[in-house]
Amino acid sequence: MKALNVISLILVILGGLNWLSVGLFEYDVVSEIFGGADEVGSRIVYTVVGIAALYALALFPKVSRDD
């Protein structure tokens with residue numbers, strides 16, 4: 001389960017960095033790599049990052065827990 005947490009965190013960070021590049025420079029790294037935002041490869045990456053973000057929501061209780 002720890003590996004899934006790390007993979008999810010990495011994907012969420014990469015997705016956030018992509019959105020940062022979109023916001024600051026109007027440059028979408030994912031769509032540039034796969035030839036457009038509507039291409040299958042881009043949609044798969046966006047979906048996987050979105051699923052990782054949903055999974056990361058489940059990590060909130062672990063992070064916010066007072067030990």
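Modeller: Let's begin with residues 7-24, where the chain is 100% helix and 0% strand, with its end C-alpha atoms 26 Å apart. Helices here are DSSP runs of H or I with at least four residues, strands are runs of E with at least two, and both are numbered from the N terminus.

Biologist: Before I go on, what kind of model is this?
Modeller: A predicted model, in which local features need pLDDT of at least 70 and side-chain atom pairs count only at pLDDT 80 or more, while totals for chains, interfaces and linings use all residues. Residues are numbered from 1 along each chain as its sequence is written, and side-chain values use heavy atoms, leaving out hydrogens and water.

Biologist: Good. Which residues does UniProt list as "transmembrane region"?
Modeller: An unreviewed UniProt entry lists residues 7-24 and 44-61 under that name. The positions follow the numbering used here, feature names are shortened, and annotations may be inferred rather than shown by experiment.

Biologist: And how much helix is there in residues 44-61?
Modeller: That span is 89% helix and 0% strand, and its end C-alpha atoms lie 28 Å apart.

Biologist: What about its radius of gyration?
Modeller: The protein chain has 14 Å, whereas a compact globule of 67 residues would be near 11 Å. The radius is taken over C-alpha atoms, and the globule rule is 2.2 Å times the number of residues to the power 0.38. Along the principal axes, the C-alpha trace spans about 45 × 25 × 15 Å.

Biologist: New topic: where is Glu 26?
Modeller: Glu 26 sits in the loop between α1 (2-25) and α2 (29-34). Its phi is positive, about 55°, although Glu 26 is not a glycine.

Biologist: Why does Glu 26 count as exposed?
Modeller: Because its relative accessibility is 74%. Exposed means over 50% relative accessible area, buried under 20%, and partly exposed in between, using a 1.4 Å probe and protein chains only.

Biologist: Then how much of the protein chain counts as buried?
Modeller: Of its 67 residues, 18%.
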